[in-house]
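I opened a new notebook for this chain.

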Amino acid sequence: MSNAPSKSPPQSAGPGAQWPPGWHTMAHGISVGRYIDPAFQQLEYERLWSRVWQAAARVDEIPAVNDYTTYEIGDQSVLLVRVDEGTVKAYHNVCPHRGTALGEGAGTFQGGRIICPFHGWRWDVSGRNEYVLERQEFRDGKLCDSDVALKELKSVVFAGFVFINFDRDPVPFDEFIAPVRAFLEDLAIGEMRHYWWKSIPIPSNWKVAQEAFFETYHVPATHPQLEKPAAAMIYGSDRPTDFPFSHRHVAYDAFAYGHGRFYAGEKTPMAGNVQAQGGDPVEAMAARLKLLADGMDAQVLQGDIDVLLTLRGKPIPTGSSLGAEYIKALYARAAGEQRPMPKATPETLGMWGGEIFIFPNVMILPHAGNAMIYRVRPAGNDPDRCTFEIFSTRSYPAAVTPPRATLQRVTDLEDPEQVLEIPRQDLGNIPRMQKGLHSRAMRQTWLASHHEKMILNMHQEMDRYLQA
């Protein structure tokens, strides 16, 4: 399958035609029932989450043999175990005897033994049963190991994620991931490991939360420190129609299987597109990147700025640019450290500062060997609640052993010590959106044809599952 954007399918005349009016995907907007109706969320559990490939873990959660982690979606729990250096398996997290969950959170199965804490039944990490207490009492003494082997789910390790699927006969993973595979490989996402990882409860629908990150149209109003002239225009009295908003440089692609991406090519601060306004261009670029490093501590890190500052006072060669010299310096440092980096091709470099969306719920924001990753999941049966996770990842020098990924649970979204400025600004809008979607004055959202095409594409792909 190519990376060509998908075409919008015609409205289905199948089961979706009988849906309540509040459940429909339209050409220019989304009916609000898809965000607030508990029955719609239940349908998502039954027909989307039960059949779609989904990122259940990062491999750095289970770096060593016998390590395990758990993944929860709806009322289903999955146990992910590293069997050997090259093998990860996913099991339904349940003892076949009386239903006890075999793992909680994350940890290590000592000696490679998975032991039920209730009655001591035991398995190896390959899922084979090793011991049943008083086996002769079960099935007239004829209980076989195969009868009580752990039930395995289909799983694939790709780009540093463990993808799982509950469906017994899902679309092949290679077909599912094809539209974005090359981007993820070229950006070296699979080489990136844990820097920090936080889980944040958000009072909104999971789709509302992730759609806030599907466009850059929100930047001038939501992040005024990043676009000061544009913010001054929005919040001031002067409203010229030809204002040079940075988001006008952003390109969006909507791909098959619901995936998408946006990027600005050379028109990004990461590539040196910063107005120095008569000052030192290196200092201007460093100041802009510093806003990102301090405001996120992900995607752009302080080490990247330190490399940029080594260019102070150095002339830019004829035919080059500050952005090009910055990239050369970054790659020179990485080569010296034997640190994995994205392919140094114009298209790959042009995606720095953009986003790749993996349907249904993962967003990757790449830079120079770093990536900020978002994953959003529904929380229980309440459509007004979700769990928002942020993974800050980076590649490491060959001499450094990456740390095991450990989860920090955020208890206060407004606490600047727990949530830094930029995600705090983004996430602060989301509860307000969810509240507004319940208004009797609100029947649908309106979508911009260019800047919000990824939102529409996601809902159209959801409908392929939900109307099946």
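Predicted model: local features only at pLDDT ≥ 70, side-chain atom pairs only at ≥ 80, totals over all residues.

**Entry 1**

I found an open sheet of seven strands, paired antiparallel, in the order β1-β10-β9-β4-β3-β2-β5. Next I checked the edges. β1 (54-58) and β5 (106-108) stand there with a single partner strand each, so one side of each is left without a neighbour in the sheet.

I then took one pair from the order. Strand β9 (residues 152-158) and strand β10 (residues 161-165) run antiparallel and are joined by five bridges. I picked S155 and looked for its bridge partner in β10, which is I164. Helix α3 (residues 173-186) packs on the sheet here and touches β9 and β10. I read the angle between the direction of α3 and that of β9 as about 25°.

**Entry 1: β3 and its two partners**

How many residues of strand β3 are buried? I found seven of its nine, so I noted β3 (residues 76-84) as mostly covered, with under 20% relative accessible area as the cut-off for buried.

On one side I followed strand β2 (residues 67-73). β2 and β3 pair in the antiparallel sense over six bridges. I73 has Q76 in β3 as its bridge partner. The two strands form a hairpin with two residues between them. I checked the turn and found G74 there, with a positive phi of about 60°.

On the other side I followed strand β4 (residues 87-92). β3 and β4 also pair in the antiparallel sense, over six bridges. V81 stands opposite K89 in β4. β3 and β4 form a hairpin too, with two residues between them.

**Entry 2: aromatic rings**

I noted first how such pairs are described: by the distance of the centres and the angle of the planes. I counted 22 aromatic pairs. One of them is W121 with W123, at 6.5 Å centre to centre and 45° between the planes, a tilted pair. Both W121 and W123 are buried.

I looked at F213 and F388 next. Their ring centres are 5.3 Å apart and their planes stand at 45°, so this pair is tilted. Which parts of the chain does the pair tie together? F213 lies in the loop between α4 (206-211) and α5 (219-222), and F388 lies in strand β17 (residues 386-394), so the pair ties together parts that are 175 residues apart in sequence. F388 counts as buried at 0%.

I also found a cluster. Ring pairs link W53, F158, F161, F163, F173, F176 and Y257. F161 has a charge over its ring as well: the charged end of R58 sits 4.5 Å from the ring centre. I logged a second case of a charge over a ring. The charged end of K198 sits over the ring of W196, 5.1 Å from its centre.

I turned to helix α7 (residues 281-296) and helix α11 (residues 421-437). Their axes come within 5 Å and cross at roughly 70°. Angles from 65 to 115 degrees count as roughly perpendicular, and α7 and α11 are therefore roughly perpendicular to each other. I listed the residues that make the contact. They are L291, L292, G295 and M296 of α7, and E421, I422 and P423 of α11.

I went on to the loop between α7 and α8 (302-309), where V300 lies. V300 is buried, with a relative accessible area of 0%. I looked up the spacing between V300 and L365, which are 65 residues apart along the chain. Their C-alpha atoms are separated by 9.9 Å.

Q299 is in the loop between α7 and α8 as well. Its phi is near 70°, a positive value in a residue other than glycine. Q299 counts as buried at 4% relative accessibility.

**Entry 3: more backbone spots**

I noted the background first: most residues other than glycine have a negative phi, and most peptide bonds are trans. Q338 has a positive phi of about 55° although it is not a glycine. I placed Q338 in the loop between α9 (322-337) and α10 (346-349). Q338 is exposed, with a relative accessible area of 61%.

Last, I checked a peptide bond. The one from F359 to P360 is cis, with omega near 5°. P360 is found in the loop between β14 (355-358) and β15 (362-366).

Technical notes: Residues numbered from 1 in each chain as written. Heavy atoms only, no water. Pairing = 2+ DSSP bridges. Helix = DSSP H or I, 4+ residues; strand = E, 2+ residues; numbered from the N terminus. Contact = heavy atoms within 4.5 Å. Axes fitted to C-alpha atoms, helices over the stretch in contact; angles between N-to-C directions. Phe/Tyr/Trp six-rings, centres within 6.5 Å; stacked < 30°, edge-to-face > 60°. Buried < 20%, exposed > 50% of the residue type's maximum accessible area, 1.4 Å probe, protein only. Lys NZ or Arg CZ within 6 Å of the ring centre and 35° of its normal. Parallel < 35°, antiparallel > 145°, perpendicular 65-115°, else oblique.
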